[in-house]
Amino acid sequence: YPCYPKSEPVSRDGYLKYLCEITLDPNTAHKWLVKVTWMDQPQSYSSHPERFTVYHQVLSKESLTGRCYWEVEWRGTVYVSVAYKNISRAGSGNDCRFGGNDKSWTLNCCQNSFKFGHNNISTSISGPVSSRVGVYLDHRAGILSFYSVSESMTLIHRVQTRFTEPLHAGVLVVGSAEFCKSQ
């Protein structure tokens, strides 16, 4: 086994050592999303069995199993999420919405508030709201942390659980979201 640090980084520079490039999977994108921007009309995506059909969301191509960090710049309403690949793609209710099931964890980012969601339970989170959110995942240790990133980096919410399969980054967008490519 490789040497595996037991503690989380203590600064943004420390987290940036685990920076992952996130590539969105167009086969999962809801037909009203373009470059992770919600449009007011459907786009001409071909039919695909992995496409989300109810909520305006998309998953990454990458399976995340180690230590990963990424940042999302958001406007409007955006759910910054991780989910198992087998999350439901269609149907009624919240089964296929990020945070609405036991296969996804999400930070709902709105103009002046954050909420954390998992298994259809939503919890209001207090703290500074910024237009950039950092996500740290340590899959093996079962740690998922969300950060408000501005001049400083402030922990918004941390989950300790047991992940049973690889995760994918995702966003649900009513507005716009951009996965930041670098610092």
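In these legends a residue is called buried when its relative accessible area is under 20%, exposed when that area is over 50%, and partly exposed in between, with a 1.4 Å probe and protein chains only. Helices (H or I, at least four residues) and strands (E, at least two) are DSSP runs, numbered from the N terminus. The model is predicted, so that local features need pLDDT of at least 70 and side-chain atom pairs count only at pLDDT 80 or more, while totals for chains, interfaces and linings use all residues. Residues are numbered from 1 along each chain as its sequence is written, and side-chain values use heavy atoms, with hydrogens and water left out.

**View 1**
Strand β11, which spans residues 167–179, is mostly covered, since ten of its 13 residues are buried. Two strands are said to pair if DSSP finds at least two bridges between them. Strand β3 (residues 57–59) runs antiparallel to β11 and is joined to β11 by three bridges, and Gln57 has Leu172 of β11 as its bridge partner. Strand β4 (residues 67–84) also pairs with β11 in the antiparallel sense, over 13 bridges; along this pairing Val72 stands opposite Phe179, and Glu73 stands opposite Glu178.

**View 1. Strand β4 between its other neighbours.**
Because 14 of the 18 residues of β4 are buried, this strand is largely enclosed by the rest of the structure. Seven bridges join β4 to the antiparallel strand β8, where the bridge partner of Trp70 is Val135. Six bridges join β4 to β5, and these two strands likewise run antiparallel, with Ser81 having Thr106 of β5 as its bridge partner.

**View 2. The largest nonpolar core.**
A nonpolar core is a set of buried Ala, Val, Leu, Ile, Met, Phe, Trp, Tyr and Cys residues joined through side-chain atoms within 4.5 Å. The largest one has 33 residues, and those with the most contacts inside it are Trp70, Val80, Trp105, Phe114, Val133, Leu144 and Phe146. Two or more residues come from each of several elements, including β5 (104–110), β6 (113–118), β9 (143–149) and β10 (153–160), but β4 gives the most, with eight residues. Leaving aside residues up to four places away in sequence, Trp70 is in contact (heavy atoms within 4.5 Å) with several residues, among them Leu19, Leu64, Val133, Ala169 and Phe179.

Tyr15 is found in helix α1, residues 12–16, and is buried, with a relative accessible area of 4%. Although Tyr15 and Tyr136 are 121 residues apart in sequence, they are 7.4 Å apart in space, C-alpha to C-alpha. Not counting residues up to four places away in sequence, Tyr15 touches Glu8, Pro9, Tyr69, Tyr136, Tyr147 and Met153.

**View 3. The largest cavity.**
On a 1 Å grid over the protein atoms alone, a cavity is a set of points where a 1.4 Å probe fits but cannot get out, and lining residues have an atom within 4 Å of a point. Grid points are joined across faces, edges and corners, and a volume is the space filled by probe spheres set on the points. The largest cavity has a volume of about 30 Å³, and its lining is made up of Cys20, Glu21, Ile22, Phe179, Cys180 and Lys181.

Methods: 1 Å grid on protein atoms, 1.4 Å probe; cavity = no way out; pocket = protein on both sides within 12 Å on 5 of 7 lines; lining within 4 Å.
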